[in-house]
Amino acid sequence: MAATVFLLLVALCVQGAKTIEKADSQRPGHVSVVIVGGTGDLAKKYLWQGFFQLYVNQVSSGNSFSFYGGGQSAADTATPVLFEILKGVTCSEHVSLERCAVLKEQFLRLSKYRQLKTIEQYQDLAKHIEQQLQQEGMTEAGRLFYLSVPAFAYADIAEKINSSCRPSGGAWLKVVLEKPFGHDLRSAQVLASQLETSLRDEEMYRIDHYLGKQVVAKILPFRVENKKFLDPIWNRHHIERIEIVLKETLDVKGRISFYDQYGVIRDIIQNHLTEVMTLLTSRIPKNLSNTEEVQQNKLHVFRSLLPLAKNQAVVGQYQSYASEVQQELNKTRGHITLTPTFAAVLAYISDPQYEGIPILLTSGKMLDERVGYARVLFKHDVFCLQKHDGVHCKPKQIVFHFGHGSLKYPAILVSKNLFKPAVVDSEWKEVTEHGDIDVLGLPVSDYYVQTPAEQREAYSELIADIFSGQKNSFISTENLLASWRVWTPLLASLADAFPRVYPGGAENGDVLDVSIRAAEVSYHREAVIIGKEQAGPGSFQAIQGKFRNDEMVSAWAEQLVTRLAADLQEAAESAVREGGVFHLALSGGSTPLALFHRLARHHFSFPWTQTHVWLVDERCVPPAELQSNFRNVHNHLLQHVRVPYYNVHPMPVQIGRRLCEAEDGGAALYESQIGESVNGSRFHFVLLGVGHDGHTASLFPGASPFDHGERLVALIEGPSEPRRRMSLTFKAINRAHKVALLVMGKGKHELVTQLSRVKDVPEKYPVTAVKPADGTLVWYIDYDALLL
């Protein structure tokens, strides 16, 4: 009994401590706000306006304020910049012009710039705050640091704040962090670990501005307010699918250095759209203001998400992105970037309530309109015999419209054939007068529409939440890492995926439409041809001609790959019909990846079980390393098709623990394997690429094609690391029945031009020594390489 009483007293004391801590965080007093990065773009566009709005709302609450813009620049340089920014803040329409002028003047007077670069400067800031408190006899309520700086600076700044700028006497500390919160799971874990040494989790506010959008913040309250209507239908028996979409019309010029590292999935889908998904699918909390319950319910969604496989995503890249990368990052014309600017990802949740419901998360740049929404589309259980345009025959859906688009304003729309939603919040109103516009296939008049009574900016909303200590709309460490555990494997699987190129804007047409079949997502149109500026999609067909007196096929990249894959299958079927086996030698590198993907995803009747796969060349590295050609072929082709393992022949570059040692006889061993398995040592099909210097396979300029005599396989010294290579010789290549030379990309245009003019000079351009003796050579050259 005594032990029970003791435990009860301890629990009451702990609860009391929590209550006191919460009350202390709201106690009136002086608040110091420091925006680190206070003259940057984000601060200029949103943060100073948001903190001015906070000041306007709190000026009569008993709190006093000081505002500091911090940065790397010296004060005499940055102060004028800061005050130009501050002059641009505005009041809401409810504040009179006279009062607004007074508030702005006070806000400017309370705002100062401070250089915050060294630990001494942070110490000086702390001394300044403490002197101000003493001189004016103020009680300190707390200090708020907003880190509007790159994520790599977080840990260092957090350590400086912790060691020199923590308030005392029970005042609170709040530190706001802008995304990105890591690049993958590992980097997020490292960053979280670094921050934990300086800050407690309750002191950190990881901000996702999408959670400050009024419609997004309303999703959970809406589900609570309409619980009696939604409970029967908010499940797998009634929901057909969920779509969460953010479309943008702009490119990423000026942001390339960031964007090319992150891409659309990391920039938008992993955070903004995933957070919206958790709000739509999490359990409804018993108490909406209980942050811990809300966060735990969202964590349950992350833990219930099924793993995301590569076939549950498609990626795209707008046509001019590659040239923008080359220009802004000072890359060569041949530089290839696989960073996606568009992605559609299909997710599933294993929770019984949502099992089997497709959840499509989609975002992209250079699309036809700027709009964001989440749509819950319900199954249609009404059959209309005659009046097919009646309200009950139309789609049943709830649309959380974040803003922009044809509707222009944020709103929640409910199909009139579902239910009429309650309006229980005075900050929301019903819209009864509608213009002649459509929203996702329905006239707006077919919806019940609710919109905020006053539209407020997302950052202003979140800054108010930070000040009040409300953390529902912020990302906890636990949920952040849970999210990255879901997304990191998918991102890794897409690292080498070639994005579909799309022209941008209205010209995209149906190029980016996707289909959902058997828990997979794919582009609805198989082939897309992007023309030059003077040509629209589909303007060119594949052409056949001559190049260096050999056969040539040319087309836009995707069409060219489609044609090559078809030719390869035809050659395989012919060889199997004649001899029961097909011997295929494949090059490594990035050029054939699109071909591998095409074969794996579309050529299901390819005679893989009768195919032997050989390598044209290999780097002298262990097969598990990224530089390994075999690893490339395996990851992008072999693991996706049914080739018997005993039909796969990697080059023996590693014997024991040694790499390409001549005395180990690896080259001779591979040659003997070819002799034993391949009739007359004549491959049926050899796929080659060509380097910018004219090399093919691992046969580089400066050597004679006759250096290797009658050998079919040789060890080669290359010009770059790893220098040692193993390669088929020209003797082996020129024995083949068919050799395909695949040349793609604008970066190869200069080489193609040179090759079209020169005669056979294998010492300078080794590829000119490819001359099948009793076979055929076909050049597959895309229009970018051929025409530029």
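In which helix is the place of Leu 755? In this predicted model, Leu 755 belongs to helix α20, which covers residues 749–757.

**Leu 755 and its surroundings**

Leu 755 has a relative accessible area of 1% and is buried. When neighbours within four places in sequence are left aside, its contacts are Phe 547, Arg 548, Tyr 765, Val 767, Thr 768 and Trp 779. Between Leu 755 and Ser 96 there are 659 residues in sequence, and the C-alpha atoms of these two residues are 74 Å apart in space.

**Helix α3**

Helix α3 consists of 12 residues, 75–86. From its first C-alpha to its last it reaches 16 Å, close to the 16 Å expected at 1.5 Å a residue. Four residues of α3 are named as buried: Ala 78, Leu 82, Ile 85 and Leu 86. These residues lie on the same side of α3, because they cover an arc of only 90 degrees around the axis. Asp 76, Thr 77 and Glu 84, on the other side of α3, are exposed. The cover over the buried residues of α3 includes the helices α2 (41–58) and α4 (97–110), together with the strands β2 (64–71) and β3 (111–115).

**The pair α6 and α7**

Two packed helices are described by the angle between their axes and the distance between the axes. For helix α6 (residues 154–164) and helix α7 (residues 185–196), the axes come within 9 Å and cross at roughly 10 degrees. The helices α6 and α7 are therefore roughly parallel to each other. Their contact brings Tyr 154, Ala 155 and Ala 158 of α6 together with Leu 191, Gln 194 and Leu 195 of α7. Of the residues in this contact, five are nonpolar, one is polar and none is charged.

**Backbone features in loops**

Most residues other than glycine have a negative phi, and most peptide bonds are trans.

| Cis peptide bond | Omega |
|---|---|
| Lys 179 to Pro 180 | near 10 degrees |
| Glu 721 to Pro 722 | near -10 degrees |

Pro 180 is placed in the loop between β5 (172–178) and α7, while Pro 722 lies in the loop between β31 (713–717) and β32 (724–728).

Asn 549, a residue other than glycine, has a positive phi, near 70 degrees. The loop that holds Asn 549 runs between β22 (543–547) and β23 (550–555). With a relative accessibility of 74%, Asn 549 counts as exposed. Cys 660 also has a positive phi, near 50 degrees, and is found in the loop between β29 (658–659) and α18 (666–677). Cys 660 counts as buried, at 5% relative accessibility.

Terms used
Residues numbered from 1 in each chain as written. Predicted model: local features only at pLDDT ≥ 70, side-chain atom pairs only at ≥ 80, totals over all residues. Heavy atoms only, no water. Helix = DSSP H or I, 4+ residues; strand = E, 2+ residues; numbered from the N terminus. Expected span 1.5 Å × (residues − 1). Buried < 20%, exposed > 50% of the residue type's maximum accessible area, 1.4 Å probe, protein only. Arc of directions from axis to C-beta. Contact = heavy atoms within 4.5 Å. Axes fitted to C-alpha atoms, helices over the stretch in contact; angles between N-to-C directions. Parallel < 35°, antiparallel > 145°, perpendicular 65-115°, else oblique. Nonpolar A, V, L, I, M, F, W, Y, C, P; charged D, E, K, R; others polar.
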